[in-house]
Amino acid sequence: MKADLILYNIGTLVTSRELDKKDFDNGMENIEILKDAYLVVEDGKILQIGTGKVPESLKSEWTKLIDAEGKVVTPGIIDSHTHLVHYGSRENELPMKLKGVPYLEILRNGGGILSTVRATRKATRYELFDKAYEVLDRMLCFGVTTVEAKSGYGLDLENEIKQLEVNKKLDEKHPVDIISTFMGAHAIPEEYKGNSQGYMEELFKMLPIIKERKLAEFCDIFCEDEVFSIEESRKILNEAKKQGFMLKIHADEIVSLGGGELAGEVGAVSSEHLMAVSDEGIKSLKENGVIADILPATSFNLGKAYAPVRKMINEGVNVAVSTDYNPGSCPCENMQLVMQICSSQLRMTPAEIFKAVTLNGARAVKREDNIGSLEKGKKADFVIFDTDNLNYIFYNFGINHVKDVFKEGKQVVKNKHVCYK
């Protein structure tokens, strides 16, 4: 079989393929990293990975040959937790945050999520699409090729559908793949203030409609003090499971409620945030195979404690890392900065971080059979970094190290700028 594209002279190739666990101190460092490598693409998928000289039998007069010039190449980065589609901005809350006003107090007084809900409800589909499309371009330039996008700024059927339909249109029109999560249980809307039971009844009505229209694969909930309790979260998640949704849960972000334990109990694919997770919660994640999707830029922005990542890794939990891009607690589109925070603040190694944003990111959105590692048969989503070693990506922080990005074998970023248009 002849190749469409061959990338050769790769100095360091992070395939993110798992190897024999006996050769690694912990499961998070268990990924394959090759030197002097090449990568072969045919029909948008990986045909072959190897080291040394590229076999002549793979080449034809139609094969595009690209010299990687000794650079670092990795799988496309997966941002497995975002609130991509929304309208408005919340910089007006900055003075309150600087004075130490708690996040939940801002929400209680009609700010925070509820502020964004008001703006998103007023916005048209076109306005939401255009705003999110520009964000995706910037994410793509930072090496992100797949994004999970939650609803949750509509908080009624009409506007939740509006957000999810924008997700669907973005997935059709933008090179970045969009995976949709229904998060109507993001907050209690103002019209149901003091009546969480009434809003839960509305959520139960929304679930089958969202599922019937095939607008979301996952259901998520903000299980938090003053938002949705453990028991409320259990009821909603179990009903979502009955409707055929895969489950996610915003767990133990601010208060240790037992969200990590609940994630294991209900069989969630991922448990997200986890800054205040208990030891029992970590045990539940491990025993039930739940991905711990941590969001360190949110802790950085809010000045809060980070999730206990080293303890999770030592306990054998699979960790993913995401931006948590949203208009309030983390208006950050730079996945590389998030990765650099993991290095400097959480003491994660380059191998651990790349596994978290590639293979484990794919696991967090149930796409590990198609993306997340560079292996035969998977999508040819890959990134060329403008450096010859992994350490430099984390040493020189706050800048964009991505040179080129390929999506299904086609170049979509060239010399740090989108080139697919």
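Predicted model: local features only at pLDDT ≥ 70, side-chain atom pairs only at ≥ 80, totals over all residues.

Reader: How many bridges join strand E1 to E2, and in which direction do the two run?

Author: Strand E1, residues 5-14, is joined to E2 by 7 bridges, and the two run antiparallel. On its other pairing, E2 is joined to strand E3, residues 45-51, by 6 bridges, again in an antiparallel arrangement; here Ala-37 has Thr-51 in E3 as its bridge partner. E2 and E3 form a hairpin with 2 residues between them, and in that turn Asp-43 has a positive phi of about 55 degrees.

Reader: What should I expect of the side chains along a strand, and how many residues of E2 are buried?

Author: The general idea is that in a regular strand the side chains alternate between the two faces of the sheet. In this case strand E2, residues 33-42, is mostly covered, with 7 of its 10 residues buried.

Reader: Which residues does UniProt list for "binding site"?

Author: The unreviewed UniProt entry lists His-81, His-83, His-250 and Asp-324 under that heading, an annotation that may be inferred rather than shown by experiment. These residues are spread over 244 residues of sequence and yet cluster in space, the largest C-alpha distance being 12.3 Å.

Reader: Where is His-81 placed, and is it buried or exposed?

Author: His-81 lies in the loop between strand E6 (77-79) and helix H1 (94-98), and it counts as buried because its relative accessibility is 0%, where the cut-off for buried is under 20%. Its side chain makes a polar contact of 2.3 Å with the side chain of Glu-272. Leaving aside neighbours within four places in sequence, the residues in contact with His-81 include His-250, Asp-293 and Asp-324.

Reader: Which side chain does Asp-324 meet in a polar contact, and where is Asp-324 found?

Author: The side chain of Asp-324 makes a polar contact with that of His-83, at 3.5 Å, and Asp-324 itself is found in the loop between strand E13 (319-321) and helix H12 (335-346). With a relative accessible area of 1%, Asp-324 is buried. Beyond its neighbours within four places in sequence, Asp-324 is in contact with residues including His-81, His-83 and His-273.

Reader: What does the side chain of Asn-400 reach?

Author: The side chain of Asn-400 reaches the backbone nitrogen of Val-402 at 3.0 Å, and a polar contact of 2.5 Å also joins it to the side chain of Gln-336. Asn-400 is found in the loop between helix H15 (390-395) and strand E15 (402-407), and it is buried, with a relative accessible area of 18%.

Reader: Turning to the cysteines, how many disulfides does the structure hold?

Author: In general, a disulfide is a covalent bond between the sulfur atoms of two cysteines. The structure holds 0 disulfides. Cys-219 is in none, the nearest cysteine sulfur being that of Cys-223, 13 Å away, and Cys-419 is likewise in none, with the sulfur of Cys-141 as the nearest, at 9.0 Å. For comparison, a pair would count as a disulfide with its sulfur atoms within 2.5 Å.

Reader: Are Cys-219 and Cys-419 buried or partly exposed?

Author: Cys-219 is buried, with a relative accessible area of 2%, whereas Cys-419, at 32% relative accessibility, counts as partly exposed.

Notes
Residues numbered from 1 in each chain as written. Heavy atoms only, no water. Helix = DSSP H or I, 4+ residues; strand = E, 2+ residues; numbered from the N terminus. Buried < 20%, exposed > 50% of the residue type's maximum accessible area, 1.4 Å probe, protein only. Contact = heavy atoms within 4.5 Å. Polar contact = N/O pair within 3.5 Å; in protein donor to acceptor, adjacent residues only side chain to side chain. Pairing = 2+ DSSP bridges.
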